[in-house]
Amino acid sequence: MNSYQAGDFAAATALIEELSPRLHRFFAAQSVSRRDADDLLQETWMRIHRVRHTWRTGDPLLPWLFAIARRVRIDHYRKSLRTTAREEQVESISELGVPASASAGKGEWEALLAPLPPAQREVIAMLKVAEMTLEEVARATSSTVGAVKQKAHRGYETLRVRLSAMGLGKDRKGGTA
Amino acid sequence: MNGKELDTRIRKAADALPVVSPALLTSITAGLKPAMRPVKPLAPTWVLATRLFLAAAGVAFVSAASAGLAGVESLGILRATVILAALALLLGLAATEQVHSMIPGSRHLLGPLPLVLSCCLALAALFAAEFHDYRTTSFVASGIACLIAGLERAIPAGILVWLLMRRGFAINPVAAGATAGAVAGLAGVVFLELHCTNFETLHILAWHTAVLPASAVLGAAAGALAWAASRLRTRSPIR
């Protein structure tokens, strides 16, 4: 990061190659299409480049990076709300132009985390997809470690109850068949 | 299902998420190449916070010196010391929080709303403890004059805070604006304590304290406007 700030293009390339997969997966885990995740990644690096001087030696990198990524996602969400508010909804047009493979691989994640509210989903994505620590997530979300723990715990509880219920449902089906 | 099994399932689902394409990475790096130039990192938090503190205190003292220091002269040394020391403490806290709000991924001591509320409560407690004249003469007229005078000093202090922190990046511009407004509002309160000679408890409790939340609201509005303006002029260099 220091070399990137010093204008070293090779360092910037290395940083982009190392951190982009995490950022992209973080966006992909937030209920956005593959195309939107690509756009968000580009926008995030553009913004990171513009504010790269705000990272200081000794500061943890991931919270800084994900705080910016999170802001980009929020801005994108608000922009899409404004856009969709003016659009006339036409059934079955939503997937036009999106390749069939665009949402491939998201099915299991979507199905698993669907019942969670966005805040819990975001925390779980940061912890499990971006592999950040509780302290890093707290900094990235301008929150406290306690609040992050609480969100993760509640999210886990919801998932555990849901998956257990699904497992129980299977057993019952098996019993009656 | 236990926690470990759930964890494994979540990780497995995360591993199946789509991966970033090498072509996209090439496009991002190619887009950044023309814009590569060295940048100077921001100064440490304590340096930035000290600058904000001195700027806000400077505006308060210079404007009070030009308008007259009748207030602090009438207070007496002990009471003036207690009040100014408490205001300095709150200003230091607000300045530190303002720096944190302008650096992504910073550890926040307080959000803008708890900051403004706790500062208002602290000021109210301080004024209630130090002033015991419970008369009210021309409460509204003199109160509005003080509120306007405090805000008139808060606005230049707010502009100075913005100039000093313009290299920062507000993750939440509205919250950062509110925090900057709180710093500026405290400069307005310091000015009033140095200048105003109306020592009626209710006047000070209501109108001097009101400068802080009013300035924070103005700061939040300015932050929202700045954010909207930046959204309009931002154009992506990456294609």
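Trainee: In this predicted model, how many residue pairs are in polar contact across the interface of chain A and chain B?

Mentor: The count takes pairs in which both residues have pLDDT 80 or more. With that condition applied across the interface of chain A and chain B, the number of residue pairs in polar contact is 13.

Trainee: Which class supplies 25 residues to the side of chain A that touches chain B?

Mentor: That side draws at least two residues from each of several helices of chain A, including helix H2 (9-28), helix H4 (61-86) and helix H8 (145-176). Sorted by class, the side of chain A that touches chain B has twelve polar and 21 charged residues, and the class with 25 is nonpolar.

Trainee: What is the area buried between chain A and chain B?

Mentor: The size of an interface is often given as the accessible area lost when the parts come together. Here the contact takes 58 residues from chain A and 56 residues from chain B. Carbon and sulfur atoms give 65% of the buried area, which is about 5,200 Å².

Trainee: Which residue of chain B meets A:Glu135 in a salt bridge?

Mentor: Across the interface of chain A and chain B the rule finds two salt bridges. In one of them the side chain of A:Glu135 takes part, with an N to O distance of 2.8 Å, and the partner is B:Arg107.

Trainee: Is B:Leu194 buried or exposed?

Mentor: B:Leu194 lies in helix H8 (residues 173-195) of chain B, and beyond its neighbours within four places in sequence its contacts include B:Phe61, B:Val72 and B:Leu84. Because its relative accessibility is 2%, and the cut-off is under 20%, B:Leu194 counts as buried.

Note on methods. Residues numbered from 1 in each chain as written. Chains lettered and ligands numbered in written order. Predicted model: local features only at pLDDT ≥ 70, side-chain atom pairs only at ≥ 80, totals over all residues. Heavy atoms only, no water. Contact = heavy atoms within 4.5 Å. Buried area = accessible area lost by both parts, 1.4 Å probe. Salt bridge = Lys/Arg side-chain N within 4 Å of Asp/Glu carboxyl O. Polar contact = N/O pair within 3.5 Å; in protein donor to acceptor, adjacent residues only side chain to side chain. Helix = DSSP H or I, 4+ residues; strand = E, 2+ residues; numbered from the N terminus. Nonpolar A, V, L, I, M, F, W, Y, C, P; charged D, E, K, R; others polar. Buried < 20%, exposed > 50% of the residue type's maximum accessible area, 1.4 Å probe, protein only.
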